[in-house]
Amino acid sequence: MLDDLKLEYNLPMNLDELKNKTLLFLGKSRAFSQEEFNAQMQHHNIRCVKELETDVSVIVEGRMMTPIEQNLSDTLYEEQKYTFVSIDALEKALAKTIDENTLLMSLKLSNNTERLKSFLQNGCISDSLFFKILKMYKWQGEDFFENDDNRDVTAALIGRFYENIERNHNVQYATTGLIHLVRQTKNSELLEHISLLEPLKLHPKIKKELASNDATPQKVLLGFLRNEESEALEAMAYNKNLEKTLLKELAKDEYYAKIIAQNRVLDEELFILFEKYQEHLAKNSSLNFAMQKQLLDSKNNIVLQALASNTALYPEIIQALLSLNEPQIGLAIYANPATDSELLSEAYKDEKYHISLAQNSVTPTKILEALYAGGKSEILDKIARNESTPVEILYQLQLESKFERAVKTNKAFGKHIQSENIGWLV
C-alpha cells in the first residue's frame, strides 16, 4: 500500500472537478449501494469504469479491493500520472450534494424499501436526512427485529448513534442495544425520533428509559403523561429535568409526588409544594440548611430518622439530631458518611453503634480494623460490604462462605481484583 504517500487522498473534494472525467473504480462502494453509487455518479456526469482506459485520469480506491486491483493501484501510483481518491472522500462529497426534498419525494413515490434501507445504512448522509427517511419507514405492525427489513433498519439506527459501537457490534442486533442507546445518549433529537417508532408500543422498558433520560424532549414526556403509561410515569418522576408544569401535573398522584419529593432538586416553591410529604423530603440531598432546620423542628420521629440518613446533612443539624438522644436516630447518624470522623471515633466507645460504624464508608480505618478483630458475625457482614474496608481484611473475609458473596459484590474489591488482574480467589 502506498496510501501514506497520497497526501490529498482523504481531503474534502469538489465534485465539480470530476465532472466529465473518467474514473477507474477499484473495489466496491462503501456507504452507498452499488446501484445508488452508480446513479449518483451518472447524475454528476462522472463516468466510472472497471478497466483501465486511455481517458482515465482519476483512480478511486473502494473497499474490498482484490489483490489484482491492489497491485494495479500501486503500479498506477508509481507512474504519477493519476489523481487518487478514497471511496470515503468521494461518498462524503456525493452525500453533501443530495437534494433532500427530491430524494424524499423519490423514496415516497417509488415505495422502494431496499433503496430506503440503503440510505438509512449510509453513514455519509446527515443525521437530519437520516431522521426524515427513518420517519418514512413502515414497520408493518411488527417488532424491531421481527422481520429482516425491521432488523436492518433497527441495526442501522443503533449502529449510527451507539457510542463505541466498534467495541461491540452485536448490540446492533438485539433489543438491549436499543435500550442501552436510549440510556447513554444525550441527543434530544434522537430520543424524540425513537419515541415515534411504531414498535415502541411493544417495549415498556424502552419507554421507561426515555422517560428517565434528562435529555428527552418535554413534548415526549407530555405524551407519556397524557397516555397515563404507568412505567413511564414512574421513571418521569425521577427525571431531574422534568418541567414544573409537567411535574405538578404528575404530582397530583401521591405515589409520584413522594418520588419527586425525595429525588428532585428542590427550590422554595417545590419544598412548599411537597410539604405534606416530609418523610420523603427529609431524604432529599438537595435540601438547604433552612429546609433541614424546618424538618428538624417538625419533632416528628419518622421525619427525624429519615433526616438522620440524609447524606447531605449540615454539621449543625447532625449535632442537633444527636442531642435528642434517640437510639434509632443515633444509629442512622453514625452510619451516615456526612458525619464527622471525630464523632464516629467517639461513637465507637458505645457498642450499640458498632453496627453503624461497620457500614459507614468514612469510618476511620483503625476503627474498621478493631471491629473486624471483634469478630461478631453481623458486624463482619457490614464490614464485608463496606467499600472502605482495607483490602487485606476483605481477602480474609471472602475465605468464609457466609461473607464470600458480600465481598464479591463489594465494588471496591471488584475494582481491586480488576486492577491487579488476578481473578477471584476460590
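These legends go with a set of close-up views of one predicted model.

Along the principal axes, its C-alpha atoms fill a box of roughly 95 × 55 × 35 Å. Buried residues make up 45% of the 426 residues. Among contacts with a separation of 6 or more, 53% join residues 24 or more positions apart.

**View 1. Four strands form an open sheet in the order β2-β1-β3-β4, with parallel pairing.**
Which strands stand at the edges? They are β2 (47–49) and β4 (83–86), and each has a single partner strand, so one side of each is left without a neighbour in the sheet. On average, neighbouring strands here are turned by 30 degrees against each other, direction ignored. Helix α2 (residues 67–79) packs on this sheet and touches β1 (22–26), β3 and β4. The direction of α2 makes about 135 degrees with that of β1.

**View 2. Strand pairs inside the sheet can be followed residue by residue, starting with β1 and β2, which pair in the parallel sense over 3 bridges.**
In this pair, threonine 22 stands opposite arginine 47 in β2. Strand β3 (residues 56–61) pairs with β4, also in the parallel sense, over 4 bridges. Look there for valine 58, which stands opposite threonine 83 of β4.

**View 3. Strand β1 is mostly covered, with 5 of its 5 residues buried.**
In a regular strand, side chains alternate between the two faces of the sheet. For β1, both faces are covered: Thr22, Leu24 and Leu26 are buried on one side, and Leu23 and Phe25 are buried on the other.

**View 4. The largest nonpolar core holds 118 residues.**
Which of its members touch the most other members? They are Leu90, Ile133, Ile194, Phe274 and Leu321. Leaving aside neighbours within four places in sequence, phenylalanine 274 is in contact with Leu247, Ala251, Ala257, Ile260, Ala261 and Leu281. Apart from this core lies another, of 10 residues, and Leu26, Ile59, Tyr77 and Tyr82 are among them.

**View 5. Helix α12 (residues 230–237) has buried residues at Ala232, Leu233, Ala235, Met236 and Ala237.**
What covers these residues? The cover includes α10 (204–212), α11 (218–227), α13 (244–250) and α14.

**View 6. Helix α24 (residues 377–385) packs through buried residues against other helices.**
The buried residues of α24 are Ile379, Leu380, Asp381, Ile383 and Ala384. They pack against α22 (354–359), α23 (365–374), α25 (391–397) and α26 (401–408).

**View 7. Glutamate 114 and lysine 117 meet in a salt bridge, 3.4 Å from N to O.**
Both residues lie in helix α5 (residues 113–120), 3 residues apart, about one turn of the helix. An α-helix has 3.6 residues a turn, so residues three or four places apart point the same way. Is lysine 117 buried or exposed? Lysine 117 is buried, with a relative accessible area of 5%. Salt bridges that share partners join Glu114 and Lys117 with Asp148, Asp149, Arg151 and Asp152 into one network.

**View 8. Two further salt bridges, one of them between lysine 258 and glutamate 254, can be set beside that pair.**
The closest N and O atoms of lysine 258 and glutamate 254 are 3.3 Å apart. These residues sit 4 residues apart in helix α14 (residues 254–263), so about one helical turn separates them. Lysine 258 is partly exposed, at 28% relative accessibility, and glutamate 254 is partly exposed too, at 43%. The other pair is lysine 349 and glutamate 346, whose side chains meet at 3.2 Å, N to O. Lysine 349 counts as exposed at 65% relative accessibility, whereas glutamate 346 is partly exposed at 46%. A search of the whole structure finds 28 salt bridges.

Key: Residues numbered from 1 in each chain as written. Predicted model: local features only at pLDDT ≥ 70, side-chain atom pairs only at ≥ 80, totals over all residues. Heavy atoms only, no water. Buried < 20%, exposed > 50% of the residue type's maximum accessible area, 1.4 Å probe, protein only. Helix = DSSP H or I, 4+ residues; strand = E, 2+ residues; numbered from the N terminus. Contact = heavy atoms within 4.5 Å. Salt bridge = Lys/Arg side-chain N within 4 Å of Asp/Glu carboxyl O. Core = buried A, V, L, I, M, F, W, Y, C linked by side-chain atoms within 4.5 Å. Pairing = 2+ DSSP bridges. Axes fitted to C-alpha atoms, helices over the stretch in contact; angles between N-to-C directions.
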